[in-house]
Amino acid sequence: MRLRVARHSLRPEQAITSVGKFLLGLLAAGVTIVLAAVDFPTDAITGDMVALAFLAWFVCWIVVPMLTGGGDETLRPEHFVLLPLTSRQVAVGLLGIAFVGPGAIVTLVAGVALVVVGSGLGTAAVVVAVPALVLQTVFLVLVGRVVIAGLGAALRSRRGRDIALLLVAFLCVSAFLLRYPIQSLGPAVVNGEAPVFSTVLHVLPSGWATSAVEAAGRSDWLVVVAALAGLAVLVAGLMAAWAPLIERRMTTRSASGRDQRAGDGVLRRVFPANPVGAVAVKEVLTWSRDARRRAVLVTSLAALPGAVVPAMSGFDVLLPFGGMFVLVLACAETSNLYGLDGTKLWHTILSPNALRADVRGRQLAWAAVVTPFCIVLTLLLTVVSGLEWAWPWVLALLPALVGGCSGAVVLLSVIAAYPVPKNADNNPFTSGTNPHYLQLAIIPLVLAMVGPSAALLIPGVVDDDPLLSWTAVPVGVLTGVVMAWLCGRIAARRLEVGAVDLLGVVRQGV
């Protein structure tokens, strides 16, 4: 079923994206195997480095699906609702088809590193490496599926939303923070001078397969049995946890189908009493209720470590720009507003003279929902950094990006829309058939946003001319206003001309 669905639905842009991901995965798997083959001073150090690599794979299996569309959803539990199958049987079937996808294949290839490690420890270690490789691959695949399913269920509940969002943010950040212990302790691990860190790497479940292979090499069969049995128990436990989550998706309505109170009294007083304000109120309410939008938005926090992690090593130049990194990624991640609406666009098309107001209202709502957090975060990080020279940069670039991104998000939503599954609320991280490379169109837009201010800021720093640097502030404000107006105008014109074609694109969600 999976292969047939993929064959009939795969488009050229999807094929390009899939091949790119697969090649990146193979590259990561090759690096893992090379670590196992490198001639370190001792076999123990080799095991530590391989365990560290598998810890990175463990984190990636949790974080990457959040950032790239919720994992493989070619076949979903909802497809099997009418069949006489239990949730446990569906879970087993979905786990089986997971191994047809590129993620499981590259993970299995990376697991060859265990065989390479075992080849240097003896025949027994090689024999143990085979079941360890299989159990570890199944464990990693299941971890990714169960975490995404659990977070998706939590995000559908108002009660668990806040905790789930904090957890997602922590997981996104942890993928990048893994770089910090690697940088600080990596040399010590290579030299065999970090025994505590080595112990932690082997105690974590991601290191149990490595521990089993090493134990087989020294004929410590109790550790071998304990590590392999532990992985088997974890696999069984994850299957047991996944089945109820699948049953919930098969037996409950999506969150967007529930009756909810409008609660828009405050919003009506904040936004103007005209068609643009009405669209803005509707959009803000949608942002607060749609689990898919919340999930997409929170993954933009993955840009924050790009500024924070270098600061931990003393390189704090990027720290004031952390909030701007989040803002730009949020623009890219949420640039499918019409795809998320799907066939609801038909109501807008049928409303007389509504398309231009719809674009402007979406701009206003996006700015109201996304930018306050990014503004506060930028100002806070600038204060924490203590870099006085950064204030002209922040006060010039931030308004340019706020206005520009509010325009870019609607422009990209019109010119690069893609369909999202209609029942994607059951897995809020699902992005459907997203050709991710289309989001790269934001790069020239961002350059246009920051270019005018940077043309003054850079010479101001080079010539040590504070007046020139501060002159960039009003230029940045003007750039933000112009970009917001211009991008919105272009988006509105394209929507007025091609609204029906856009509807044909976004209605393909299944």
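Close-up 1. The model is predicted: local features need pLDDT of at least 70, side-chain atom pairs count only at pLDDT 80 or more, and totals for chains, interfaces and linings use all residues. Residues are numbered from 1 along each chain as its sequence is written, and side-chain values use heavy atoms, leaving out hydrogens and water. Look for Val19, Leu23, Leu26, Ile105 and Val109, which together make a patch of about 370 Å². Helix 2 (12-37) and helix 5 (102-110) are the elements that give two or more residues to it. (Patch residues have over 30% relative accessible area and no salt bridge, and nonpolar side chains are joined within 5 Å.)

**Close-up 2. Here is Ile105, a residue of helix 5.** Is Ile105 buried, exposed or partly exposed? Its relative accessibility is 34%, so Ile105 counts as partly exposed (buried is under 20%, exposed over 50%, partly exposed in between).

**Close-up 3. Helix 20 meets helix 23.** The axes of helix 20 (residues 355-385) and helix 23 (residues 466-506) come within 9 Å and cross at roughly 140°. These two helices are therefore oblique to each other (under 35 degrees is roughly parallel, over 145 roughly antiparallel, 65 to 115 roughly perpendicular, and the rest oblique). The crossing is right-handed (the near helix is turned clockwise from the far one by less than a right angle).

**Close-up 4. Helix 21 meets helix 22.**

Terms used
Patch = residues over 30% accessible without salt bridge, like charges linked within 9 Å, V, L, I, M, F, W, Y side chains within 5 Å. Areas by Shrake-Rupley, 256 points an atom, 1.4 Å probe, with all protein chains shown as cover. Salt bridge = Lys/Arg side-chain N within 4 Å of Asp/Glu carboxyl O. Helix = DSSP H or I, 4+ residues; strand = E, 2+ residues; numbered from the N terminus. Buried < 20%, exposed > 50% of the residue type's maximum accessible area, 1.4 Å probe, protein only. Axes fitted to C-alpha atoms, helices over the stretch in contact; angles between N-to-C directions.
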